[in-house]
Amino acid sequence: MLKIRKIGLTQKRKHNRILYLQKKYEKRVDKETWRINRYKSFVNVVSTNYMMTSWQKIRAKNIIETFPETHISKIPYTYEEIVTSICLYVMKEDGRGRELRFNKDFLISIGLTKNKYEVISENLQSLPELPE
């Protein structure tokens, strides 16, 4: 009797393991989608430090979606620097450019300098058409 219960238990474990793996791989996303979602979530971090409006956050997230992955991989900076530069670019377009100082604690902790910002903003301007 004991042997029969053990066999049934191992079959149940195998079945549960298969279901677990199926669910795990169904929820899995590709690497590019994961990166874009990570970039978009960092926009919220920047917005808390610079009090971005909801329109500016949406615009920055749209730029991140349309910004080609090849452009991001060619830039030798961290994703925090790139996303912060995109947010600063959006705020500057919106008329808040006079407030942007590169000696703030947040920008220093990320490592973003004015030269890095200018490189990324030039890449943004070279894109054919940015979303509204």
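I take a residue as buried when its relative accessible area is under 20%, as exposed when it is over 50%, and as partly exposed in between. The model I am reading is a predicted one.

Entry on the aromatic rings. I find four aromatic pairs in the structure. In one of them, the ring centres of F42 and Y79 are 5.8 Å apart and the planes stand at 70°, so I note the pair as edge-to-face. Because F42 belongs to helix α2 (residues 31-50) and Y79 to helix α5 (residues 79-96), this pair ties together parts that are 37 residues apart in sequence. F42, at 12% relative accessibility, counts as buried, whereas Y79 has a relative accessible area of 22% and is partly exposed.

I next looked up F102 and Y117, whose aromatic pair is tilted, with 5.6 Å from centre to centre and 45° between the planes. Y117 counts as buried at 6% relative accessibility, while F102 counts as partly exposed at 23%.

Returning to Y79, I see that ring pairs link Y39, F42 and Y79 into a cluster, and that R38 lies over the face of Y79, at 4.1 Å from the ring centre.

Entry on Q56. Which residues does Q56 touch, not counting those up to four places away in sequence? I list V90, M91, D94 and R96. With D94, the side chain of Q56 makes a polar contact of 2.7 Å. Q56 is placed in helix α3 (residues 54-66), and its relative accessibility is 0%, so I record Q56 as buried.

Technical notes
Residues are numbered from 1 along each chain as its sequence is written. This is a predicted model: local features need pLDDT of at least 70, side-chain atom pairs count only at pLDDT 80 or more; totals for chains, interfaces and linings use all residues. Side-chain values use heavy atoms; hydrogens and water are left out. Helices (H or I, at least four residues) and strands (E, at least two) are DSSP runs, numbered from the N terminus. Buried means under 20% relative accessible area, exposed over 50%, partly exposed in between (1.4 Å probe, protein chains only). A polar contact is a pair of N or O atoms within 3.5 Å; within protein, one must be able to donate a hydrogen and the other to accept it, and residues adjacent in sequence count only if both atoms are side-chain atoms. Contact means heavy atoms within 4.5 Å. Rings of Phe, Tyr and Trp (its six-membered ring) pair if their centres lie within 6.5 Å; planes under 30 degrees apart count as stacked, over 60 as edge-to-face and the rest as tilted. A charge sits over a ring if NZ of Lys or CZ of Arg is within 6 Å of the ring centre and within 35 degrees of the ring normal.
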